[in-house]
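User: Please take me through the labels used for this model. I want each one set against its cut-off.

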Amino acid sequence: MKLTRWILIIGIVACANASFAQQSSKTAIHVFGGWAYGKTDGNGYLSGTKKGDYSATSLSLAISAAPAGHLRIFASSQQTESTTQIDYAFGEWTFSDALRLRAGKIKHPFGISTEVYDVGTLRPFFSLPQSVYGPVGTLAESLNGVGAAGVRRLGPSWTVKYDAYFGALSLPYADFGEEGHGGAATGEQVLDTKEVIGARLVVETPIDGLSFGASAYSGKLAPDESAMRPRHSAAGLQAEYLTDRVSLRAEWTRPRTGDEGEHGGYFEAAYHLTSHWQVAARHEELHEDADHSLIGHHHESALGINYWVSPHFVVKLSAHKVEGLHLVVPETDGQAKPKTTLLNFGAQFSF
Amino acid sequence: MNRLRLAVFLVLAILPRIARPDEPVTFVIIVNAARDAELTRQDLANIFMKRMTRWSDKRPINPVERFADSPLRAEFSRAILHRSVDAMQAYWQQQIFSGRDIPPSERRSDAEVLEYVRTRAGAIGYVSSATPTEGVYVVRWK
């Protein structure tokens, strides 16, 4: 099975130039995916285990179609080692540049990378910073509901992009183990939140590539999550600067359920030494309000070096130093260690 | 000291984006129908990045690009979009995979771009300034 997937992935990448983004004026098909090997010195984290894990593979297909002048249909599905899922599937009606209405399973417009969560060719590290994009109950890849989006130019050089949405979110969060697991996360659960109202605003400045933004949403936990149905909400701030050589990103988020909350953030910098070689660094932190122990926080620093074969295919190597137990998983029948080192190697593509 | 290094790094990174020298261009912008209004570089950038999708008469704008390996596209991208072709491909990946939009159609030669613009309402493209532009209109921009 793994061999079949490898043959499929290699075949797709090899054919990328020939079949590049199959696109007519009305329909376009795009593909993205990747593979990673991860090895840690103890706990499991991201694609890494103590023994070394080769199995992190994913492949996604994205389709867009324009059956009528103002109507577009977007859909994407993803296959991983263990699951096949619909990432998004929605229709969009364009009234003007300032107003597009969407309905269906739409992308969750929150922060910089939620809408391109699995597209590795749009970031310098194999995985997104887990303090914001990990299982921390802040972000979902998609939202079942309706949304409006638009863009307006403010004067000759400023641009504002905005989204508003209503619906239901399924938010992944770390599930903490019982005694015997060292208290660390043992897997992921989903926080179902309904009647969610949210918005995002991003301002692009006259300096090419420099933008700032804010996101927020609030909804009620689904009845089966809690009889009290407290509100679950999150807010975030973002800043991004992109040039041909440099990418700088910073985000801060604050999810909150009832009286409990946490906050996480990161800063990431990457620099293209040449058109092929890129170096990157990132630091991130996550803190629970009420838990100041190792379980309640996650500190991570990472360094990476990438070789971009083209903008559509990149090979990545990174080293990560993690402190805290909030997002790591202990080895089977083992005790979680307070610190984790991860070595990650992989390749990602899109076209 | 670390903050000083970071500040120097940021200034050096941002400076070239602000102080961009004006360079002579060897392409002309062409449209399907005559348009009186003079377009700015920012207007053209918004059109080719699909942030502006309607002409002032509300008709849809239909941009067309040269293929990514074309030197003319590299020049157009640098002069109008202020980004390299690689950076624009990353921009379009962001748009595609977030379900926002898809890039403009692409054509291999000036002749194919001319044909595209000539035969499609609302079309806009660019060709080498040495290319005869019969049947289309050249856009003034600043």
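The turns below go label by label, starting with confidence.

User: How do you know what may be read in this model?
Analyst: This is a predicted model, where local features need pLDDT of at least 70, side-chain atom pairs count only at pLDDT 80 or more, and totals for chains, interfaces and linings use all residues. Residues are numbered from 1 along each chain as written, chains are lettered from A and ligands numbered from 1 in written order, and side-chain values use heavy atoms, without hydrogens and water. The model scores ipTM 0.79 and pTM 0.83.

User: What is the mean pLDDT of chain A, and what is the mean pLDDT of chain B?
Analyst: pLDDT is the predictor's confidence in each residue, from 0 to 100. Chain A has a mean of 86, with 87% of its residues at 70 or more. Chain B has a mean of 83, with 81% of its residues at 70 or more.

User: Why are β4(A) and β5(A) called paired?
Analyst: Two strands pair if DSSP finds at least two bridges between them. Strand β4 (residues 71-80) of chain A and strand β5 (residues 84-96) of chain A are joined by 9 bridges and run antiparallel. Arg72(A) has Glu92(A) in β5(A) as its bridge partner. A hairpin through 3 residues links β4(A) to β5(A).

User: How many bridges pair β5(A) with β6(A)?
Analyst: There are 7 bridges between β5(A) and strand β6 (residues 99-107) of chain A, in the antiparallel sense. One bridge partner pair is Trp93(A) with Leu101(A) in β6(A). These strands form a hairpin with 2 residues between them.

User: Why is the ring pair of Tyr88(A) and Phe90(A) called tilted?
Analyst: Rings of Phe, Tyr and Trp (its six-membered ring) pair if their centres lie within 6.5 Å; planes under 30 degrees apart count as stacked, over 60 as edge-to-face and the rest as tilted. The whole structure has 16 aromatic pairs over all chains. In Tyr88(A) and Phe90(A), the centres are 5.7 Å apart and the planes at 45°, so the pair is tilted. Both residues are buried.

User: Why is Gln189(A) called partly exposed?
Analyst: Buried means under 20% relative accessible area, exposed over 50%, partly exposed in between (1.4 Å probe, protein chains only). Gln189(A) has 37% relative accessibility, so partly exposed is the label. This residue sits in strand β9 (residues 185-204) of chain A.

User: What makes α2(B) largely enclosed?
Analyst: 8 of the 8 residues of α2(B) are buried, so the rest of the structure largely encloses this helix. The buried residues pack against β7 (142-154) of chain A, together with β1 (27-31), β2 (62-66), α3, α4 (85-97) and β4 (123-128) of chain B.

User: Why is α2(B) called oblique to α3(B)?
Analyst: Axes are lines fitted to C-alpha atoms, for helices over the stretch in contact, and angles run from 0 to 180 degrees between N-to-C directions. Under 35 degrees counts as roughly parallel, over 145 as roughly antiparallel, 65 to 115 as roughly perpendicular and the rest as oblique. The axes of helix α2 (residues 41-48) of chain B and helix α3 (residues 71-81) of chain B come within 9 Å and cross at roughly 120°. That angle makes α2(B) oblique to α3(B). Residues of α2(B) that meet α3(B) include Leu44(B) and Phe48(B).

User: What makes β3 and β5 of chain B edge strands?
Analyst: The open sheet has 5 strands in the order β3-β2-β4-β1-β5 (chain B), with mixed pairing. β3 (105-107) and β5 (137-138) of chain B each pair on one side only.

Note on methods:
Helix = DSSP H or I, 4+ residues; strand = E, 2+ residues; numbered from the N terminus. Contact = heavy atoms within 4.5 Å.
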